[in-house]
Amino acid sequence: MSIGHSFLGLLEGKPRHGYDLKRAYDERFSPGRPLHHGQVYATLSRLLKNGLVVVDGLEPGEGPERKRYAVTDAGITDVQAWLSQPEKPEPYLQSVLYTKVVLALMTGRPADEILDVQRTEHLRLMRDVTRRKTGGDLAEQLICDHALFHLEADLRWLELTAARLNELAARVRP
Amino acid sequence: MTEPLLVGTDLHKMYGTTPALRGSSLTVRAGEIVAVMGSSGSGKSTLLHCLAGIVRPDDGTVVYAGREISAMSDVERSALRRRDFGFVFQFGQLVPELTCVENVALPLRLDGVRRKEAERRARVWLDRLEVGDVAAKLPGQISGGQGQRVAVARALVTEPKVVFADEPTGALDSLNGEKVMQLLGQAARDTGAAVVLVTHEPRVAAYADREVVVRDGASLDLERVA
Amino acid sequence: MSPSWLRELLLGARMALAGGRSGLARAALTAVGVGLGVAMLLAAVSIPHMMQARSDRGASRADQNYGTQVERTDRSTLVGETDMAYRTDGIRGRLLQAEGADPALPPGLTALPRPGEMAVSPALARLLLSPDGALLRERLHYPATAIIGDKGLQGPGELAFYLGSDKLTADTPGVGRRNAFGDENTSEGLDPVLLLLVVIIFVVLLLPVAMFVASAIRFGGDSRDRRLAGVRLVGADTGMARRIAAGEAMLSALLGVAAGAVMFFAGRSFVGSVELMDITVFPSDVQPDPVLAALIVLAVPAAAVVVTVLSLRRVMIEPLGVVRRGGDTRRRLWWRLIMPVLGVLLLLPMVGSVSRSSEGFSEWQVIGGVCLILLGVATLLPWLVQSVVRRLHGGPVAWQLAVRRLQLDGSMSARAVTGVAVAVAGAIGLQMMFAAVEANYQQRTGQDPSRAQLYVATAMPHGWSDAAGVVAKLAATTGVTSVNPRAMLGLELPALPNGEQPGAALFLGDCAALSRIAEIGACTDGDAYLVDNPEAPTPAAGAAVTIRDGEAQTPWTVPAGARTVPPLSDPYYGLASGVLVTPAALPAAVRDRPGLQLQALLTVDPAAVDVADHVTNTRWELDQLGATWEINPTMVDNKFAQVRKGLFAGAAVTLLLIGASLLVVVLEQLRDRRRLLAVLVAFGTRRRTMSWAILWQTAVPVVLGLVLACAAGLALGAVLLRIIGEPVAIDWAGIGIVSALAGAVILLVTALSLPVLWRLMRAEGLRTE
């Protein structure tokens, strides 16, 4: 799960203070499990160092919360690359995928493409597993089946999400 | 890559005022298994019917082995389906009053093969699909999984170039569904038949070589996009 | 009946109505089918009353005295019979003349028509006004001053008139005196042989109708079973499901009875304008027998319930679907044979007991016997179909599909064909009886239409001296090519030793006319001849005899010089006999007696139209009480001809009705298989193959049904022929015609079902479900 890419995505809409950033992230992507302050600063300083964000301005007062960050062109390219890259299909992917979809919707990118690309990747893996299963012994088959069922569950989620994209867009877009 | 065997281009089909296909295209190469996926009502079955020459599209062309199916007469299309195509459906496809071996022999007999010879070849296919023991039974007397395997045998007995399978496991449980798909996939590869596999189940689609998604009557070849 | 029973029956009734559009369609289809059958049954049980009403109407206006003398009173009316034909229609005509001060009136009249005026029936009034009646107007040119009321007519279409006259005398031949109209004994009933025929016709035609009703109740049975499976799913047990089905069937049947009653009464109001077999009927005369009508109203819903429950016995309705039993159950033969054997046993005691002159017979025994034999066809057919079909195999794909389907579910197809088989068996039996009986009812008249086509009899006011004038008028009539005039009188010969009084014919005519009756050789006026015919008594030359002409008797001596000559064949009387005289050989009192009747044999131009009516017009001017007949080699008893016409009309309606129910069954089967048909189309089955499969599937049971029907029909016919004491002769032509008709119905049904088959064979069938 990439907090950095999420921050970049959130900043794409408008420059934000560190504090705003944390609150937006907690609210959208990690309700009930807020980020530590340390995680926020560490991530932001890595992004600053890599030139993906810049400090846009300072508010009166002290501390990083008072700094306002803005995304750079390099940052936007980085988000784009991340969004269009399918995740390696594995269990419990949905939080990353969900983040990607929401960010895409918030930033006006085509979210259905993300889902399609992911879907193709999932099915490709399913085909590989199926092939392995067809040639394998019973133990191998059972292991493969476990993977297949999980992959299928993700795929189903992808299909369902694709079917409800409009509904989701209405929610996340201001 | 081999030459395309079956090419549907920009197919349109209306049922009454309901559009079932709106510019769908699909290319099938010899020997490959293509999964056609999509939600119910997306038009995937209609796409299969058009490709197989069962239904004539309102617009667009279907070309099989260099001949345009969509321009053929009903008689020519029927003959083509008898000789070059095989079919497996979800359910209700076996003639209930014929025994299993007679059901499998039916496509051969429709094409003029003598009864003895047709039933001999039918038995070979029943054995390959591991249902040789139900040859003399009526479809009402066997299980759903056995019935689908008999149907697969019937689809392959003419050694067709393309097998059209419309939700072939739709009425089966996972284990029986897997078995039918394994046997279908294996038999198709052995005979070099291409398979157009319409399904909404990812695990069934995973037996295919590639996937095409039909959405709102249009087909998307996602892998080519990727 | 427990309340839950009732609740379930009512639930079933509600389901019949609430089953959505298809449920309603099914209920409507059944109601129409049952309704058609009920309407036919109601019509059938109305026939006895209708016949009775007709014969009452006939009796109430009877005016024939049959030779009895009637005293002249104040009430006396003279009646002259002058029935005539106009083209192919018969017209009842009477001349009426008051004799007393307060003359009796025939029913339908309020006053006697004045001389030269007439009262006509409404149908005759219409005919006289229409262009078609032009020729008749020349004959009946009298002012029609009254319309004969319904009371005086047999049917609304009857052609009849009463013409007022002042020239009748009580002693004119053809004129009678009545002091009242009506005669209780006059109506001629059917003789026992005809009655037997009529009874059998009813059984043979109505049994298939009853079977049609039974099959109409089963319409849509498969979708009903699926609906019941749904009811089982929500917790109904088998018994409840059956009661629900029974309730459903009962409601459909009740709707059918209502529809039947509506159709019957609607049809009845049309009856007045329908003419069948020259018979028209007043709607008010068509009244169903109350007992039989009540029986129909009660029996049809009851039969609906019984048929439904019986048909459900072979079906297991499970919550998740319907399982049809049967197929492997072997049908047993022995109990199926009981019915026809019992039927033959019932009829056998009657062998030789019914003839035209015998007393009546037990109608119920005949009805029972014939019903049992025919129902035997219905019970034997499923067995026959199963045992034959089980042995069939091989053949092309269409044949294989048809045979396998029959093997799996032969009873369904057999049931559909049963009605046809029963109708055919009955028709063959009847046909045999008809062929035998027909000969008895057709009398050879000995007439020869090749030498003369019309016979005219007309009274001459001044006896033979008028003959030349009458002949001239007839010869001048349109279409007449020659006239051969003579008169025939009676001779009473001397009594024989045993007391018998033989008679002979006396022909009066000129030499030319006589030379056509016998080979008279040389002839001059004044000659007489004795015809040498060993079949008939002939007086010797010089014998003393009496000439009888109507009431008048004149003693006469056969001329001593009369030569005996060989006879010729007369076109009207056949081989001649008796005495031939030229006019001068007869006493003038006999020869020129007023009213002497001239008989003329006419030849006509075959190309001319309406010659008989032109001649009748001429004859009518000469003598209203005379006659014009066509010369005909055979004379069919009119009652018999009507019975036969009735049979053919009934058989046609019955076969069409059965064809309709067969079509419904076939279409229903097709619709049930629409998905399978679509699948067969998908893998390239030709239309031709499927069409042949359908044809074989119908034709195999039909052929078997026809074979069985022929066997049963022949057996029935043989027994019936023995009953009326006729030798058993097989009427192959009749069998051929009846079988061909049934075959045609099957072909028609198949042809009508093909468009639906082809429509169902389009791929849309794959889309459903």
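Trainee: Which residue of chain B meets the side chain of A:Lys133 in a salt bridge?

Mentor: This is a predicted model, in which local features need pLDDT of at least 70, side-chain atom pairs count only at pLDDT 80 or more, and totals for chains, interfaces and linings use all residues. Residues are numbered from 1 along each chain as its sequence is written, chains are lettered from A and ligands numbered from 1 in the order in which they are written, and side-chain values use heavy atoms, with hydrogens and water left out. A salt bridge requires a side-chain nitrogen of Lys or Arg within 4 Å of a carboxyl oxygen of Asp or Glu. At 2.4 Å from N to O, the partner of A:Lys133 is B:Glu178.

Trainee: Which helix gives the largest share of the side of chain A that touches chain B?

Mentor: The rule finds 4 salt bridges across the interface of chain A and chain B. Helices α6 (111–135) and α7 (138–163) of chain A each supply at least two residues of that side of chain A, helices being DSSP runs of H or I with at least four residues, numbered from the N terminus. The largest share, 10 residues, comes from α6(A).

Trainee: What area is buried between chain A and chain B?

Mentor: Contact, meaning heavy atoms within 4.5 Å, joins 16 residues of chain A with 16 residues of chain B. Buried area is the accessible area (1.4 Å probe) that two parts lose on being put together, summed over both. Carbon and sulfur atoms give 56% of the area buried here, which is about 1600 Å².

Trainee: Which residues of chain C lose the most area to chain B?

Mentor: In this second interface, 26 residues of chain C are in contact with 27 residues of chain B. The two chains bury about 2600 Å² between them, 61% of it on carbon and sulfur atoms. Together accounting for 23% of what the chain C side buries, the residues that lose the most area are C:Gln400, C:Arg404 and C:Phe683.

Trainee: How far apart are the closest N and O atoms of C:Arg405 and B:Glu97?

Mentor: Across the interface of chain C and chain B, the rule finds 2 salt bridges. C:Arg405 forms a salt bridge with B:Glu97, and the separation of the closest N and O atoms is 3.9 Å.
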